[in-house]
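Here are my notes for your file. Please read them with the model open beside you.

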Amino acid sequence: MLSPAVLPSPVAALTDPVLAAAGTELRLKRDDLIHPLVAGNKWRKLTPNLCAAAELGHTRLLTFGGAYSHHIRAVAAAAAACGLTSVGVIRGDELADAPRNPTLAAAEADGMELAFAGRAAYRAMLRTLDEPATRDRLERRFGRCFVLPEGGSNAAAAHGAAEIGAELAAEPAGLGARDIVCAPVGTGGTLAGIAAGLPPGARALGVAVLRGGAGYLEGEVTRLHQEGWGRTFGNWRIAHTHHGGGYGRIPAGLAAFAEAFEERHGLAIERRYVAKMLHCLHDLAASGGLPRGTRVTAVVTGPPT
Ligand SMILES: Cc1ncc(COP(=O)(O)O)c(C=O)c1O
């Protein structure tokens, strides 16, 4: 099983010179410490889905991802820990005969069956995932499975992430009009949940880690709000300025920022998501983009890889 989990996840105040000079308080919500195997937003998003799978009597999970997907790695680990089998459909059929990278090797070591799909077929599968014909094809090939979308972002996952806001609001320091809760955005599920779970007045800021996502990512967050809550929320936005050139890219400026941050705070940070979010907050504060008196809570959505 996935217990025991460290919940509510700890909140730590940090004094960072640039934010402090801008009159901004910074706190980290250490979701990376929730669980040793399935940490951060993976825990938030997967556990409600594991419960849903169990209720429906499923013993096999199926999901989708790229060769470096944290989600693939997390689903394999969660399935193994819960005594379930798992299938990962991986983007890129050229990878089938290539040596496994650490993500895919670890997923296989946890017993995940990997199936490699050409990029066009992969995209078509995701586009038609809710259609019976696609579900039938998947079931014929892999057996009866509980299907999780790429990145694991569905309404149940967003509800899991909504707990972040509830936990923060329940702290003695509470959450109010001066608060911004910030998270990196890959598919938008974590941000959707955070925004939906905030008390009135507090706002959510997402930092996109992929390039060219403007419009699309906002659409995904809105879709998840409609699916999960039957309404939209006006308390969030996404910054598209700190993707660093694209998903998985870590340009020299970002690497230098991350190293300096680690040295200042004695804390290792994940680069593809968490470092981009912190870099964005740092630059926003430095450029006067955060009103004085703002308190920012940055959600550490995963451990360093
Ligand atoms: C560490 C980390 N943070 C954030 C995200 C993005 O979350 P979401 O896809 O819910 O936007 C991911 C996604 O894989 C992740 O691994």
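The points below go from the whole protein to single residues.

1. Basis. This is a predicted model, in which local features need pLDDT of at least 70, side-chain atom pairs count only at pLDDT 80 or more, and totals for chains, interfaces and linings use all residues. Residues are numbered from 1 along each chain as its sequence is written, and side-chain values use heavy atoms, with hydrogens and water left out.

2. Overall build. The protein has 11 helices and 10 strands. Both are DSSP runs, numbered from the N terminus: helices are H or I with at least four residues, strands are E with at least two. The radius of gyration is 19 Å, close to the 19 Å of the globule rule for 305 residues, so the protein is as compact as a globular protein of that length. That radius is taken over C-alpha atoms, and the rule is 2.2 Å times the number of residues to the power 0.38. The C-alpha trace spans about 60 × 40 × 35 Å along its principal axes.

3. Of the 305 residues, 53% are buried. Buried means under 20% relative accessible area, exposed over 50%, and partly exposed in between (1.4 Å probe, protein chains only). Take the contacts (heavy atoms within 4.5 Å) between residues at least 6 apart in sequence: 74% of them join residues at least 24 apart.

4. Charge. There are 31 positive and 28 negative side chains, and the centres of the two sets lie 3 Å apart. Lys and Arg count as positive, Asp and Glu as negative; His and the chain ends are not counted. Each charge is placed at NZ of Lys, CZ of Arg, CG of Asp or CD of Glu.

5. Aromatic pairs. The whole structure holds 4 aromatic pairs. Rings of Phe, Tyr and Trp (its six-membered ring) pair if their centres lie within 6.5 Å; planes under 30 degrees apart are stacked, over 60 edge-to-face, and the rest tilted. Phe-64 and Tyr-122 have ring centres 6.2 Å apart and planes at 75°, so this pair is edge-to-face. Phe-64 sits in strand S3 (residues 60–65) and Tyr-122 in helix H5 (residues 119–127), so the pair links distant parts of the chain, 58 residues apart. Both Phe-64 and Tyr-122 are buried.

6. A second pair. The rings of Tyr-247 and Tyr-273 have centres 5.9 Å apart and planes at 65°, so they are also edge-to-face. Tyr-247 lies in the loop between strand S9 (236–239) and helix H10 (252–265), and Tyr-273 in helix H11 (residues 271–286), so the pair ties together parts 26 residues apart in sequence. Tyr-247 is partly exposed at 36% relative accessibility, whereas Tyr-273 is buried at 18%.

7. His-279. This residue is in helix H11. His-279 is buried, at 18% relative accessibility. Beyond its neighbours within four places in sequence, His-279 contacts His-242, Gly-253, Leu-254 and Phe-257.

8. The start of the chain. Where is Pro-4? Pro-4 lies in the segment before S1 and is exposed, at 68% relative accessibility. Residues up to four places away aside, Pro-4 touches Ile-34 and His-35. Leu-7 and Pro-8 are joined by a cis peptide bond, with omega about -5°.

9. Asp-97. This residue is in the loop between strand S4 (85–91) and helix H4 (102–109). Asp-97 is exposed, with a relative accessible area of 77%.
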